[in-house]
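Here is a short briefing to read alongside the structure. Take a moment to look it over, then follow the points below.

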Amino acid sequence: KQWYQRRVRAPRRPFEKERLDNELKLIGEFGLRNKREVWRVKYTLAKIRKAARELLTLEDKDPRRLFEGNAILRRLVRIGVLDESRMKLDYVLGLKTEDFLERRLQTQVFKLGLAKSIHHARVLIREKHI
């Protein structure tokens, strides 16, 4: 029997106008294929923020907080979501979905000017030109 890990969490309220508008704006801005891609990033961010919140409840010198907190911070700095100057758990709570979407290859290709549009960037990656 195989176990699978949840990657996406669909929203609780499927037809909330404000959320639908925000998701559509993100899809357009970052050239995503569907809502599931937005939900995946939001779920990842939620898990990271939950871990940070839990660690912040512990004392400053708690070994678990020091070890796991540093692990989270190092991982976020490595993927480029967090600056090295802001390596504190408090800043992890301030992260937004856009911070993660900004680090995607598709967005980087477009921002560097290798593609004419965000959609063109997706095609270039998909067709293995990049």
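In the protein chain, residues 24 or more positions apart account for 46% of the contacts with a separation of 6 or more, a contact being heavy atoms within 4.5 Å. This is a predicted model, where local features need pLDDT of at least 70, side-chain atom pairs count only at pLDDT 80 or more, and totals for chains, interfaces and linings use all residues. Residues are numbered from 1 along each chain as its sequence is written, and side-chain values use heavy atoms, with hydrogens and water left out.

**Overall build**
- The protein chain has seven helices and zero strands; helices (H or I, at least four residues) and strands (E, at least two) are DSSP runs, numbered from the N terminus.
- Its C-alpha atoms fill a box of roughly 50 × 40 × 35 Å along the principal axes.
- Of the 130 residues, 28% are buried, meaning under 20% relative accessible area, while exposed means over 50% and partly exposed lies in between (1.4 Å probe, protein chains only).

**Around α7**
- Ile118, Ala121 and Leu124 are buried in α7.
- These residues sit on the same side of α7 because they cover an arc of only 115° around the axis, judged by the directions from the helix axis to the C-beta atoms.
- The cover over the buried residues of α7 includes α1 (17-30) and α6.
- Just after α7, Lys128 takes a positive phi of about 65°.

- Leu114 lies in the loop between α6 (105-111) and α7 (118-126).
- Leu114 is exposed, with a relative accessible area of 53%.
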